[in-house]
Amino acid sequence: MSDMFDIFLVAPPGLEPVLAEEARDKGFADPRAVQGGVEIKGGWPEVWRANLVLRGPARVLVRVAEFRAMHLAQLDKRARKVDWASVLRADSPVKVEATCRKSKIYHAGAATQRVSTAIKETLGAEISDTAEVVVKVRIDDDLCTISLDATGEALHKRGHKPAVGKAPMRENLAALFLRQCGFDGTEPVVDPMCGSGTFPIEAAEIAAGLYPGRSRGFAFEGLAGFDADAFAAMKAGARLVAPQARFYGFDRDAGAVKNATENAERAGVGGYCQFARQAVSDLEPPEGPPGLVIVNPPYGERIGNRKLLFSVYGALGKTLLERFSGWRVGLVTSDGGLAKATGLPWLPTEPPVAHGGLKVTLWRTGVLG
Ligand SMILES: C[S@@+](CC[C@H](N)C(=O)[O-])C[C@H]1O[C@@H](n2cnc3c(N)ncnc32)[C@H](O)[C@@H]1O
């Protein structure tokens, strides 16, 4: 494989442009938003850096090969020509996953088996269903694209959050929503229904300049060409700052407050976050300058009863309108009727985003009067 290749940042569907903006801000050359993700080009250091520093992707894939495959024998032959030794290690087990769409090769199981055999026989690597290294084969319109999953466990798992409650927001989604709300790390954030604390913790990490991948391992550590010293130096290059702003989370559930507090401690941002048990109707703005209220209240399909939820959203809207002049609001829900029940002056929304089997929308206000 050459020194530069196509790298694909898998995005939460609907948030591709926001992820492209994050990649651009973090110095990745020419990110291009396409359906399902963002394309960039680079070598292995860019693959490591994308996993380490980007908050928005679900995972990072590396394009290894692309060729036409009209039938299985051709797939077999062309898969054997791939320079597997330049990307995989003979001593690391490999798993192959295939999908077929609108193609003459329609049997994903057969495609998996052909590529697995090609890797086994040309490289000598063991094929195992439990392998950390995953080769993804996509056959679409007879075009076969082979990629490597450089990430392993999905990137929303930052590595410090065993304690989750009901319906947690994925960290990568939370980070992209914070970005869409214009959060840049300098203003306070309040989440009045914080659950496990995802929004305040992501916000505090962003403000502190911490790399999201600092505490976890990645599949690329088991690939050919991984340079542990160079990666350690990259990790050590984070420019940490002591945030001026503070990040607040409230929840009426004592267990949620305990989880959020522990999660923030584990993430190393406990000193910048404050969590307390409080119902939304008792919410007051913290002292100091205004900032961003961001909240992901319960929605009917997953937890709670829709009628009761109308009064919760109503109470939230009333509290914010009465007490949070100067603040902006971001609210994530799958239920537009509930968002409107807040009575908040919503700006036009962007298309919804898939999350946990539902479509959620970020509702935003300008600065409240
Ligand atoms: C969908 S969860 C939030 C998940 C959170 N974003 C996370 O990532 O873990 C909604 C939270 O709202 C809390 N909640 C529901 N009604 C509330 C109320 N009236 N006041 C404060 N919190 C409330 C629930 O206890 C629950 O933790």
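Author: Happy to; what follows starts at the ligand and then moves on to the cysteines and the rings. Please keep in mind that this is a predicted model.

Let us begin with the shell around the ligand. It is made up of 18 residues, and M169, S196, T198, D251 and V280 are the closest of them. Sorted by class, the shell contains 10 nonpolar residues, five polar ones and three charged ones.

Which protein atoms make polar contacts with the ligand? S196, already named among the closest residues, places a polar side-chain atom 2.6 Å from a ligand oxygen atom. The side chain of N296 also takes part, with a polar atom 3.1 Å from a nitrogen atom of the ligand. With R252 the backbone is involved: one of its polar backbone atoms is 3.2 Å from a ligand nitrogen atom. As for cover, the ligand on its own has 610 Å² of accessible area, and the protein covers 93% of that.

Now to the cysteines. How many disulfides does the structure hold? The number is zero. A disulfide is a covalent bond between the sulfur atoms of two cysteines. C144 has its closest cysteine sulfur in C100, and the two sulfurs are 8.7 Å apart, so they are too far from each other for a bond. C144 is buried as well, because its relative accessible area is 0%. C194 is likewise in no disulfide, and the nearest cysteine sulfur, in C273, lies 9.7 Å away. At a relative accessible area of 6%, C194 is buried.

Finally, the rings. Across the whole structure, a search turns up 12 aromatic pairs. One of them joins F220 and F226, whose ring centres are 5.6 Å apart; with 50° between the planes, this pair is tilted. Are these two partners buried or exposed? F220 has a relative accessibility of 1%, so it counts as buried. F226 is partly exposed, because its relative accessibility is 22% and buried means under 20%. Both F220 and F226 belong to one aromatic cluster, together with W48, F218 and F231.

One more ring deserves a glance, that of F28. The charged end of R49 sits over this ring, 3.9 Å from the ring centre.

Definitions and conventions
Residues numbered from 1 in each chain as written. Predicted model: local features only at pLDDT ≥ 70, side-chain atom pairs only at ≥ 80, totals over all residues. Heavy atoms only, no water. Near = heavy atom within 4 Å. Polar contact = N/O pair within 3.5 Å; in protein donor to acceptor, adjacent residues only side chain to side chain. Areas by Shrake-Rupley, 256 points an atom, 1.4 Å probe, with all protein chains shown as cover. Nonpolar A, V, L, I, M, F, W, Y, C, P; charged D, E, K, R; others polar. Disulfide = S-S within 2.5 Å. Buried < 20%, exposed > 50% of the residue type's maximum accessible area, 1.4 Å probe, protein only. Phe/Tyr/Trp six-rings, centres within 6.5 Å; stacked < 30°, edge-to-face > 60°. Lys NZ or Arg CZ within 6 Å of the ring centre and 35° of its normal.
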